[in-house]
Amino acid sequence: MSEYAKARELGEQAREREWTRPSFGKQLFLGDLRLDLVHPAPEVPEEAAERGEEFVIALRRFLDGHVDPALIERTAQVPDEVVKGLAGLGAFGITIGQEYGGLGLPYLYYCRALMLVGSYCPALATLLSAHQSIGVPQPLKQFGTEEQKREFLPRCARGEISAFLLTEPDVGSDPARLSTTAVRDGDEYVIDGVKLWTTNGVIADLLVVMARTGGKISAFVVEGDSPGITVRRRNSFMGLRGIENGVTEFSQVRVPARNLIGREGQGLKIALTTLNTGRLSLPATCAGGAKWAVKIAREWGNARVQWGRKVGEHEAVATKIAFIAATAYALEALCELTARMADDRRNDIRIEAALAKLYASELSYQVLDELVQIRGGRGFETAESLAARGERGVPAEQMLRDSRINRIFEGSSEIMRLLITREAVDAHLSAAGELIDPDASRAERVQALKRAGAFYARWLPGLVTGAGNLPTAYAAFGPLAAHLRFVERTSRKLARATFYGMSRWQGGLEHKQSFLGRIVDIGAELFAMTAVCVKAEEDAHDLGRRPYELADTFCRQARRRVDTLFDRLWDNSDSQDVRLARYVLDGRYTFLEEGVLDPSIEGPWIGSPQGGENVRRRVV
């Protein structure tokens, strides 16, 4: 079996194969707009909402009075007193149940808290989200035993920091290459290996470690100060300078067998399932940054005058401000709708959470890039430099740098598109998978042909017409009804395009990553349009027409992006691009590299630090 086949098989074994609950995202890709699954948006219980509002208010007061984001950027470290102050508020146990010492708040308020923190200090938001979304609390809540929960969750809620350790120097999105091992020795496991980019790892008290137990991957809770653990270095990045991210080495680290999370071999499934809700933290911080950008764009657009007019009144800038404002409203809508669905638990949100992460990380970066452009030279200048020469210290360039990692964190955009595609075409593979599987037997193909015939006989006729063709459909949404009709029509068009792609390339479709990426991007736009229409219809009760205006502008912008993506499904240079890239890799065009010097520091492309002192530290 090839390395690619092994990696694919490992991924298939880890993913959730059953759809026991409805999925708005799955049906959207099948051409079925199940608006009833998201409208009206699920409500949060009144008591939980009151506690959530109180916490967000207290958090805002603490940030405003005790946190200096410029200091964190300058020193590249979150002060210990800030960490302890957040712990005192309960910020490290927002979603941990009250029975385990946490606040037990809904995901909606977890996301609102991160939106607030992310707008003020993204590094601080990363500290909190890495601890709760992918660190010890989330996997234990879903897969831990009652004994594990009672032992570790109260510690996490009190502020003992946790980290998630999966990535290795030679392992990114391909866990089949994982080399860290955990060998059973009586009542213990012995762990050896090196983990890279361990966010919070430098100061973590508790670790979730993924290690190979035989041929499969398992997950363990490991004490951060266990003998044999060495943090070889603290890494530095273009943004998020305050995060405590390191390289962690394990040498004969002994872990009690009772610290195994779930069963042996469940590690990758635990990681993927955890991320279904864990990914909600990134859309929240992205929405926070975008909402902050609206404020700065409005104030600067009014304050700066050029050629006799405020810069915000010039069309070239006005279009950027409109994009920033409309997109910020949509990202907030997308984040809140997905969080409410996670709280409601009636829907399977694996596709929605992934779409929200992908879309928010991509669009928020564009928003902040446009803000830097609007600010001109001041957008490129650091906040401290601006303040030193007597101007308002707006950290636009820092927010742009800080947001860049969101397109890579917790699954790069490219990997997210592949992950979403696999879930989106699951119904097709269940019906006709063996027909495009070169290893399927003749008997399997015959059975698959029968299943496919029955499935497509029911499914294809439904893609011809629907509510989107009726001028009166979705009338309850007022001026936004036309946009929902567009979503409904386009979801059917998207489903047909997916079917045509499968028919054309069959088993080769999985390698048509650019085509599949555009399919996913169209679905993401449709999900965002739905979310913004749902939010605007709800907000209009208190805010009048203003939410409709933002939603209408966003939908008009999104529709143009969708049209472009559809055009590029079939009219593109993908084949030529792939051929040219192959030539580049083969060295055909090395003459292009002449006349330049490479400032890179010499060293291997993939390596690990050797020796040196342990840079792990405790928050005191």
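Buried means under 20% relative accessible area, exposed means over 50%, and partly exposed lies in between, with a 1.4 Å probe and protein chains only. By that rule Ala 388 is exposed, at a relative accessible area of 72%. The model is predicted, so to speak of local features takes a pLDDT of at least 70 and side-chain atom pairs count only at pLDDT 80 or more, while totals for chains, interfaces and linings use all residues. Residues are numbered from 1 along each chain as its sequence is written, and side-chain values use heavy atoms, leaving out hydrogens and water.

- Ala 388 belongs to helix α15 (residues 383–388); helices (H or I, at least four residues) and strands (E, at least two) are DSSP runs, numbered from the N terminus.
- Asp 563 sits in helix α22 (residues 546–570).
- Asp 563 is partly exposed, at 39% relative accessibility.
- From Asp 563 to Glu 332 the C-alpha distance is 24 Å, and the two are 231 residues apart in sequence.
- Arg 340 is in helix α12 (residues 315–344) and is buried, at a relative accessible area of 11%.
- Leaving aside residues up to four places away in sequence, Arg 340 touches Ala 41, Pro 42, Leu 108 and Glu 538; contact means heavy atoms within 4.5 Å.

**Strand β5 and its partners**

- Strand β5 (residues 216–223) has six of its eight residues buried, so it is largely enclosed by the rest of the structure.
- Strand β4 (residues 206–213) pairs with β5 in the antiparallel sense, over eight bridges; to pair, two strands need at least two bridges found by DSSP.
- Leu 206 has Glu 223 in β5 as its bridge partner.
- Two residues lie between the strands in the hairpin of β4 and β5, where Gly 214 takes a positive phi near 70°.
- Strand β8 (residues 260–261) runs antiparallel to β5 and is joined to it by two bridges.
- Ala 219 stands opposite Ile 261 in β8.

**Nonpolar cores**

- The largest nonpolar core has 149 residues, and Leu 86, Leu 124, Leu 371, Val 532 and Phe 554 have the most contacts inside it.
- Helix α21 (residues 513–543) gives the most to this core, with 16 residues.
- A nonpolar core is a set of buried Ala, Val, Leu, Ile, Met, Phe, Trp, Tyr and Cys residues joined through side-chain atoms within 4.5 Å.
- Leu 86 touches Leu 59, Phe 62, Ala 91, Phe 92, Leu 124 and Leu 128, not counting residues up to four places away in sequence.
- Another core, of 23 residues, lies apart from it; among them are Ile 134, Val 171, Val 208 and Ile 261.

**Cavities and pocket**

- On a 1 Å grid over the protein atoms alone, a cavity is a set of points where a 1.4 Å probe fits but cannot get out; a pocket is an open set with protein on both sides within 12 Å along at least five of seven lines; lining residues have an atom within 4 Å of a point.
- Three cavities reach 30 Å³ or more.
- The largest cavity holds about 60 Å³; a volume is the space filled by probe spheres set on grid points, which are joined across faces, edges and corners.
- Residues lining the largest cavity include Val 78, Thr 126, Asn 200, Glu 244 and Arg 617.
- Helix α7 (residues 122–134) gives the largest share of that lining, three residues.
- The second largest pocket has about 880 Å³ of space.
- It is lined by 32 residues, and the closest to its centre are Pro 69, Ser 119, Tyr 120, Trp 292 and Pro 395.
- The largest share of this pocket's lining, seven residues, comes from α11.

**Backbone exceptions**

- His 39 and Pro 40 are joined by a cis peptide bond, with omega about -5°.
- Leu 240 is not a glycine, yet has a positive phi of about 50°; Leu 240 is buried, at 5% relative accessibility.
- Glu 410 also has a positive phi, about 55°, although it is not a glycine; Glu 410 is buried, with a relative accessible area of 18%.
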